[in-house]
Structures are given as structure tokens and as C-alpha cells.
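I opened a new notebook page for this structure. I wanted a plain record of what I looked up.

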Amino acid sequence: MTTELSNTPSIVEIHDLVARAKKERNEYIAKHLSSAAAKLNAACRSMFEVAASKLSPSH
């Protein structure tokens, strides 16, 4: 009787890989959303400061 080695991952290994991939994806999305939100916040703040300076009376 011969024993064949299988390269097919088990269900548990597949589940672990899927869980790790989902975690990494969520971390990636959270990181980039946070960065985008900070950039948008800075841009809006700058835009409002410019608008406010144009509306304020200059002496």
C-alpha cells in the first residue's frame, strides 16, 4: 500500500486563510479610509478658511 501526499489544504486551513484575508482587507480599508478622511477634513478646513477670509471685511 502506498501513501500519497496531498497538497490540498484542509477545510480548517482554508477557513483560517479566509479569516486572515478578511482581517487584512478590513485593516487596509480602515487605514485608507482614515487617511482619506483626514485629507478631506484638511481640504475642507482650508477651503472654509479661505472663504471666511474673503468674506471678512478688510481695513
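My entries run from the whole chain down to single side chains.

**Entry 1: the chain.** I noted at the start that this is a predicted model. I then looked up the secondary structure. The protein chain has 1 helix and 0 strands. The helix, H1, covers residues 11-55.

**Entry 2: burial and surface.** What share of the 59 residues counts as buried? I found 0%.

**Entry 3: a nonpolar patch.** Which residues form a nonpolar patch on the surface? I wrote down Ile11, Ile14 and Val18. Together they have about 280 Å² of accessible area. Ile14 lies in helix H1. Its relative accessibility is 39%, so Ile14 counts as partly exposed.

**Entry 4: a salt bridge.** Next I turned to charged side chains. Side chains of opposite charge can pair when their charged atoms come close. I looked up the count and got 1 salt bridge. The partners are Glu27 and Lys23, with their closest N and O atoms 4.0 Å apart. Both residues lie in helix H1. They are 4 residues apart, about one turn of the helix. Lys23 reaches 53%, so Lys23 counts as exposed.

**Entry 5: a histidine.** What does the side chain of His32 reach? I found the backbone oxygen of Tyr28, at 2.9 Å. His32 has a relative accessible area of 39%, so this residue is partly exposed.

Terms used
Residues are numbered from 1 along each chain as its sequence is written. This is a predicted model: local features need pLDDT of at least 70, side-chain atom pairs count only at pLDDT 80 or more; totals for chains, interfaces and linings use all residues. Side-chain values use heavy atoms; hydrogens and water are left out. Helices (H or I, at least four residues) and strands (E, at least two) are DSSP runs, numbered from the N terminus. Buried means under 20% relative accessible area, exposed over 50%, partly exposed in between (1.4 Å probe, protein chains only). Patches are made of residues with over 30% relative accessible area and no salt bridge: like charges are joined within 9 Å, nonpolar side chains (Val, Leu, Ile, Met, Phe, Trp, Tyr) within 5 Å. Accessible areas come from the Shrake-Rupley method with a 1.4 Å probe; for residues, only the protein chains shown count as cover. A salt bridge is a side-chain nitrogen of Lys or Arg within 4 Å of a carboxyl oxygen of Asp or Glu. A polar contact is a pair of N or O atoms within 3.5 Å; within protein, one must be able to donate a hydrogen and the other to accept it, and residues adjacent in sequence count only if both atoms are side-chain atoms.
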